[in-house]
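Here are my comments on the fold, written as a colleague's note for reading beside the model. Please keep the structure open while going through the points.

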Amino acid sequence: MSKIKTLPSEVVDQISAGEVVERPAHMVKELVENAIDAGATEVEVEFDQGGRFVQITDNGSGMSKEDLAKCFLRHATSKISVADDLWALTSFGFRGEALASISAVSDVKITSRVQGLKEGWTVQSQFGKISQAQPSGGNEGTRVVVQKLFENTPARLKFLKSDTAEHTQIKNILKAIAMAHPEVSFRIRNKGKLLFLWASCDQKQRCEQVLEYAPLYEGSAEVAGIKAKVFVGAPNKTVKTARNIWNFVQGRFVQDRSLQAAVMDAYRSLLMHGEYPVAAIFVEAPLDEVDVNIHPTKSQVKFENASNAFRAVLRATRSVLEMAPWIEQMKQANTPQPRAPKEPGEARESTQVEMLYSEPVVYKTKSFISSHSATTYVSPSPNGGIQVEPVFKAEPKTPLDSGEPLRSSPSAVEKGFFSSLHVIGQAHLTYIVTQGSSSLILVDQHAAHERVMYEKLMQHWETGQMDVQQFLIPLTVDLDADQVEAIIEHKDDVERLGIEIDQSGPNTIALRTAPSLLKEKSLAAAMDVLGRELVEKSGSFAIEKVIRDICATMACHSVIRAGQALSRDEMVSLLEQMDEFPLSSFCPHGRPVYVEYPFHKIEKDFGRIV
């Protein structure tokens, strides 16, 4: 007697439903994507009972009586005809499984009216039992009502999570679809209450609406035909999880660790441990270079060349971050706005900020606050008197910029953000106290100088101009054979850092020179990390990552420290040097360089305003 038997159709349908409709959110995704495929510009979604009840209404092209009779059949679709179509997909629901799977495990009613026709039609499927199409009224487009989801499959029903958890998943799916389709207006209801109303707009505005985060900054790049457009948040406005990194490929929301890693790599040296950015990433690839059909719920894709997609996202994200647009916004907020004269020809009054920015008159005085000698800077005050700013002087342990004299404030009208700030003094021998027109700003002198030095070291590596020390006896480092092979393969890149290497054995490399600022005990660890990164990831990205880590370590040990007194000229010089590098608002380890205290908050704390 044969042990192999053909499964009944209802069993096959329930198995398929388990793959395509794993949970209510997946069902919502399939139905909304069907609406978008139908050309809808307005979609309304209502859900309740943890997604066991869902109603989706659209103004798309609608279905005829003949199409309604076929829509519940398995593998019945208008999207593909032959196998080659699978490699040139421009639609979402294309396999003809969604409605068949949903109807097998729920009570589904579809009412549809083709655009331009006066009459519509309704068809119903009760757990796979399909009725005849009946005439119906209704608006142009389609309405799908799903009830009693999984009622005939109690084993699957008991594995659903709480209504709140399922509703959260549905909202996340709808947010993703809305971000991918800003041209479509969405109205989302839960238990009859309006949750979201997203009118059609451009993609940047839609992402800001959905993520409830503004501003987002836009960047783009293309690598080998793969295009990436990104909308990313400032690194000083972060979140605690990676859930706010949204990846889209060919307009589909996908889970892709490689694309997420590209975003995180772009934020290198701008985030502390446990911080994550807000980002929406959109990748478009040639149709024959990406497979969107590798997962039943289409939540994953496969690139023919994943490294090109990684590079495109990395470059797009890095291009906008390196412009540091958040600094320009702070500069605008802290730039004094001139007042117009009250009458033609009447000289306008000087504002408080303009008075503070006047060149100070310098008097030599003796400080009664400290045993140090001090230079006191006296500036005109708004009430006609003077205000005193003591700045205690001491020689720094290390110069701010080796080999370069300290610079005074430039006379050019246009200044960078940090050099435009008015230096008040130094607090706790650690923080440079400054002010703009709208806020008090404290700058961490160690973190600021660390970023400046790090950027200069990276420049030296990129140009191959690094100060080195030569070992009298070569320093040997033992590594795994594959690590040694990978490092030797990238010997030229390593030597640009000032590290001359040779292979002295199958598991050993010999270092003849090293950067002057790098301690020997850190060198072996750096080589081990470099070797592992090259073996695991290969390519220039791996070596650049290690180079960045080495430069960050060198910078940390070669700059001014907390507790070190600075003169006013030294503080001004550091602020000027910060403006030379766009990312100087963060140290190489992601720590913020400055903290801002808006005057309106200070006034509120003092009870001057409500």
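Predicted model: local features only at pLDDT ≥ 70, side-chain atom pairs only at ≥ 80, totals over all residues.

1. I would begin with strand 1 (residues 42–48) and strand 2, which pair in the antiparallel sense over six bridges, with Glu 44 standing opposite Thr 57 in strand 2. The two strands form a hairpin with four residues between them, and in the turn Gln 49 has a positive phi of about 55°.

2. Is strand 2 mostly covered or mostly uncovered? Strand 2 is mostly covered, with five of its six residues buried.

3. Helix 6 (residues 163–180) and helix 7 (residues 203–211) have axes that come within 8 Å and cross at roughly 165°, which makes helix 6 roughly antiparallel to helix 7. The crossing of this pair is right-handed. On the side of helix 6 the contact involves Lys 175, Ala 178, Met 179 and Ala 180, which meet Gln 203, Arg 206, Cys 207, Val 210 and Leu 211 in helix 7; by class, the contact of these two helices has six nonpolar, one polar and two charged residues.

4. For helix 10 (residues 325–333), the point to check on screen is burial: Pro 325, Trp 326, Ile 327, Met 330 and Lys 331 are buried. Which elements do the buried residues of helix 10 pack against? They pack against strand 10 (217–223), helix 9 (306–321), strand 22 (439–444) and strand 26 (594–598).

5. Helix 12 (residues 445–463) packs with helix 17 (residues 568–578) at an angle of about 45°, their axes lying 10 Å apart, and that angle makes helix 12 oblique to helix 17. The crossing of helix 12 and helix 17 is left-handed. Gln 445, Ala 448, His 449, Val 452 and Lys 456 in helix 12 meet Leu 574, Gln 577 and Met 578 in helix 17, and by class this contact has four nonpolar, three polar and one charged residues.

6. An open sheet of three strands has the order 23-25-24, with antiparallel pairing. Its edge strands are strand 23 (468–478) and strand 24 (501–505), each of which pairs on one side only, and the twist averages 25° from one strand to the next. Strand 23 pairs with strand 25 (residues 508–515) in the antiparallel sense over seven bridges, and there the bridge partner of Asp 478 is Thr 508 in strand 25.

7. Helix 13 (residues 481–489) lies across strand 24 and strand 25, running at about 150° to strand 24, while helix 15 (residues 520–536) lies across strand 23 and strand 25, running at about 50° to strand 23.

Terms used. Residues numbered from 1 in each chain as written. Heavy atoms only, no water. Axes fitted to C-alpha atoms, helices over the stretch in contact; angles between N-to-C directions. Parallel < 35°, antiparallel > 145°, perpendicular 65-115°, else oblique. Left-handed = near helix turned anticlockwise from the far one by under 90°. Contact = heavy atoms within 4.5 Å. Nonpolar A, V, L, I, M, F, W, Y, C, P; charged D, E, K, R; others polar. Pairing = 2+ DSSP bridges. Buried < 20%, exposed > 50% of the residue type's maximum accessible area, 1.4 Å probe, protein only.
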